[in-house]
Amino acid sequence: MADAAKPAPAKGGRANTKKELPEHFKAYKHVWVAVEIEHGSVHSVSFELLGEGRKLADKRGVELAAVLMGDDREALGQAAQDCFEYGADCVYIACDPALKHYRNETSTQVLTDIVNTYQPEILLLGATNLGRDLAGSVATTLKTGLTADSTELAIDEDGSLAATRPTFGGSLLCTIFTLNFRPQMATVRPRVMAMPEREEGRSGRIVEFAPNIVEDDVVTKVLDFIDDRDSDTAALPYADVVVAGGLGLGSVENFQLVKELAAVLGAEYGGSRPLVQKDWITSDRQIGQTGKTIRPRLYIAAGISGAIQHRVGVEGADLILAINTDPNAPIFEFAHLGIVADAVTLLPALTQAFARRLRVTRMAS
Amino acid sequence: MHIVVCIKQVPDSAQIRVHPVTNTIMRQGVPTIINPYDLFALEEALRLKDRLGATVTALCMGPPTASESLRKALTFGADRAVLLTDRYFAGSDTLATSYALSMALTKIGEEFGTPEIVFTGKQTIDGDTAQVGPGIASRLKLNQLTYISKIVATDLEAGRITVERRAETGTQVLATRLPVLITMLEATNEMRRGTIAQALEAARAEIITWNASDVGIEDLTRCGLRGSPTIVKKVFAPTARSEAAEMIAAEGTMDAKARAVIDAIFARAPGVEDDLTAQALHHYV
Ligand SMILES: Cc1cc2nc3c(=O)[nH]c(=O)nc-3n(C[C@H](O)[C@H](O)[C@H](O)COP(=O)(O)OP(=O)(O)OC[C@H]3O[C@@H](n4cnc5c(N)ncnc54)[C@H](O)[C@@H]3O)c2cc1C
């Protein structure tokens with residue numbers, strides 16, 4: 001019942017048709033990207049969104065702006081320069097010690113305040129843990145629509161934002177509008193949009209925004225931050241190469257073969273959901289609908305059948321190689337390359353052959 | 001302590017079929033399940049109940065048939081089940097859904113005591129938006145803790161809670177004041193099954209059923225399609241990939257097959273070889 005995924009919306013609903021925009025929304029102009037900064041660095045999804053936002057702004061004939069929130073004015077200045085070079089005309093900077101770490105409470109308040117002050121027509125965020133957390137609260141506070149995890153953004157003939165997103169676990173796509181409310185909000189997952197060309201030396205306007213927050217009033221405190229680089233948590237979503245195994249491997253001992261190939265390739269490893277249930281891998285290595293979405297350049301799937309819930313997590317891979325004993329396994333319907341073979345014997349041979357080949361290439365170069 | 005867990009009944013996405021002509025979801029005969037992330041939330045609530053003693057209320061908005069999911073929650077160990085159902089809720093997007101659920105939560109607070117913790121799953125598997133939890137928290141002005149992988153400590157006396165939250169590049173350890181809304185990430189531990197006695201009791205238990213006016217919703221334009229700022233204009237099936245996988249038909253030894261596989265990979269994606277060489281160097285010097 002909930003969520004924006006009704007196949008056939010009933011006609012005549014209130015919000016269903018575009019009306020003359022209420023007077024108080026008419027001032028809303030420009031396309032904005034709320035930039036994601038965690039531990040001093042800008043998430044690449046924000047630059048991807050600036051690239052996409054640039055196209056929307058040009059189509060609407062308006063400005064593209066970025067919003068930066070943080071506690072280090074110098075770092076924010078550097079980030080602002082990056083935003084200009086990736087296409088922003090204007091950057092709003094909110095600098096305050098209370099914005100050192102991301103917290104829902106502080107960021108929601110500051111972003112809502114900036115939006116209410118400068119009134120963008122379109123507001124985009126990354127569909128990351130941070131972006132979805134923030135977007136959900138900001139949209140509710142502003143009582144406006146929000147389309148999650150969009151895969152395509154466009155401006156329709158009326159000038160409205162058309163956001164397309166997958167629904168029902170990827171089996172359908174739907175195009176969603178927010179016609180009578182402002183801003184029109186959407187989130188987009190990392191690496192769905194292309195990284196824009198960087199234009200060195202491009203510059204723009206900076207608007208300083210004084211946040212109305214006091215650390216002592218903020219009830220949620222960040223006690224610690226355990227960086228993934230200091231733990232063995234898998235960085236699957238960002239890995240360039242991923243090797244994964246499924247139930248077809250037969251045993252946890254055989255799953256080692258996946259890890260060995262991954263080690264030779266300098267890749268991350270993962271698996272299908274049943275492996276988490278069997279304790280062969282930890283849940284942060286599960287790939288798929290209820291696990292991680294990955295977008296590697298190369299994905300090797302060994303002994304995985306390719307159920308729809310697995311498929312939606314790997315479809316963004318540039319090249320999928322499937323190894324399966326069953327020539328009719330569904331994975332061969334969406335893999336680019338396939339081989340009907342026993343993964344338990346092929347994996348070690350692959351590991352050896354890759355090691356040889358890559359070492360030979362190194363010696364030759 | 002009073003804990004409320006929001007659960008949604010969703011179609012089992014493994015069984016979903018799309019009508020080839022109309023491009024609509026064919027729900028007929030598709031089995032429904034409790035949204036898997038909501039089960040993680042329920043399990044976490046039941047663990048807190050085991051440790052600290054608590055009353056757990058399961059809340060579900062949905063059609064009358066969603067009472068099945070609530071009964072299942074009772075079987076697992078929830079103490080009370082509330083179904084929020086009304087035809088005016090049909091077509092609700094996340095903003096309208098969070099409105100209806102927040103009204104039900106307020107009513108639950110009045111009737112059964114204000115909850116210290118409201119749990120939801122991190123997202124549903126049919127809508128996938130992850131917006132309803134933050135929406136409820138914003139409406140009820142609860143501290144919001146999303147993507148929680150672990151509850152580190154709960155100090156009821158001091159009204160404080162400490163959690164681990166998955167951020168994009170690491171894990172945040174956060175402390176905040178109760179009451180809170182927590183959205184749960186996948187857990188490693190299995191969901192409990194519930195005893196036969198619990199199942200028998202759940203079969204007989206009353207499901208408290210409320211409609212819009214029961215929870216004090218007077219302005220029905222805030223519900224359902226009319227209360228939803230987002231409008232679904234078009235639904236369509238993704239274009240199927242035209243070609244199936246290119247099959248590598250290698251003969252001979254496993255080594256020969258392995259070499260054929262590698263050749264095929266590098267023929268399709270020559271750039272990958274340079275990347276791999278660089279990465280392999282990194283690991284093998
Ligand atoms: C709500 C829900 C959410 C889910 N979320 C996810 C998710 O996020 N990710 C996920 O992966 N799944 C998910 N699933 C589970 C999914 O539906 C499948 O059950 C699962 O992906 C199957 O895992 P598998 O392919 O490893 O195992 P199986 O389906 O058992 O397939 C094993 C495959 O290995 C092949 N095989 C057997 N022996 C060999 C051999 N020696 N060499 C090579 N191949 C061999 C077989 O031919 C078969 O194709 C979800 C399910 C539900 C209901």
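This is a predicted model: local features need pLDDT of at least 70, side-chain atom pairs count only at pLDDT 80 or more; totals for chains, interfaces and linings use all residues.
## The interface between the chains

Chain A contributes 106 residues to the contact and chain B contributes 108 residues. Between them the two chains bury about 9,500 Å², and carbon and sulfur atoms account for 59% of that area.

Polar contacts also cross the interface of chain A and chain B, where 36 residue pairs are found, both residues of each pair being at pLDDT 80 or more. On the side of chain A that touches chain B, helix H8 (residues 343-364) of chain A gives the most, with 12 residues. Sorted by class, that side of chain A has 48 nonpolar, 34 polar and 24 charged residues.

Strand S13 (residues 221-227) of chain A and strand S11 (residues 170-177) of chain B run antiparallel and are joined by six bridges. Within this pairing, A:Phe225 stands opposite B:Gln172, a residue of S11(B).

## Salt bridges

Over all chains the count comes to 28 salt bridges. Four salt bridges are counted between chain A and chain B. A salt bridge is formed by A:Arg357 with B:Glu273, and the closest N and O atoms of this pair are 3.0 Å apart.

Another salt bridge lies inside chain A: the side chains of A:Arg60 and A:Glu121 meet at 2.8 Å, N to O. A:Arg60 belongs to helix H1 (residues 44-60) of chain A, while A:Glu121 is in the loop between helix H3 (104-118) and strand S6 (122-126) of chain A, so this pair ties together parts that are 61 residues apart in sequence.

## The ligand site

The ligand is surrounded by 28 residues. The closest are A:Ser272, A:Thr290, A:Ser305, A:Asn324 and A:Asp342. The site is shared between chains, because the residues that surround the ligand come from chains A and B.

A:Asn324, one of the closest residues, has a polar side-chain atom 2.7 Å from an oxygen atom of the ligand. Backbone atoms take part as well: a polar backbone atom of A:Gly248 is 3.2 Å from a nitrogen atom of the ligand. For A:Thr325, a polar backbone atom is 3.3 Å from a nitrogen atom of the ligand.

Terms used:
Residues are numbered from 1 along each chain as its sequence is written. Chains are lettered from A and ligands numbered from 1 in the order in which they are written. Side-chain values use heavy atoms; hydrogens and water are left out. Contact means heavy atoms within 4.5 Å. Buried area is the accessible area (1.4 Å probe) that two parts lose on being put together, summed over both. A polar contact is a pair of N or O atoms within 3.5 Å; within protein, one must be able to donate a hydrogen and the other to accept it, and residues adjacent in sequence count only if both atoms are side-chain atoms. Helices (H or I, at least four residues) and strands (E, at least two) are DSSP runs, numbered from the N terminus. Ala, Val, Leu, Ile, Met, Phe, Trp, Tyr, Cys and Pro count as nonpolar, Asp, Glu, Lys and Arg as charged, and the others, Gly among them, as polar. Two strands pair if DSSP finds at least two bridges between them. A residue is near a molecule or strand if one of its heavy atoms lies within 4 Å of it.
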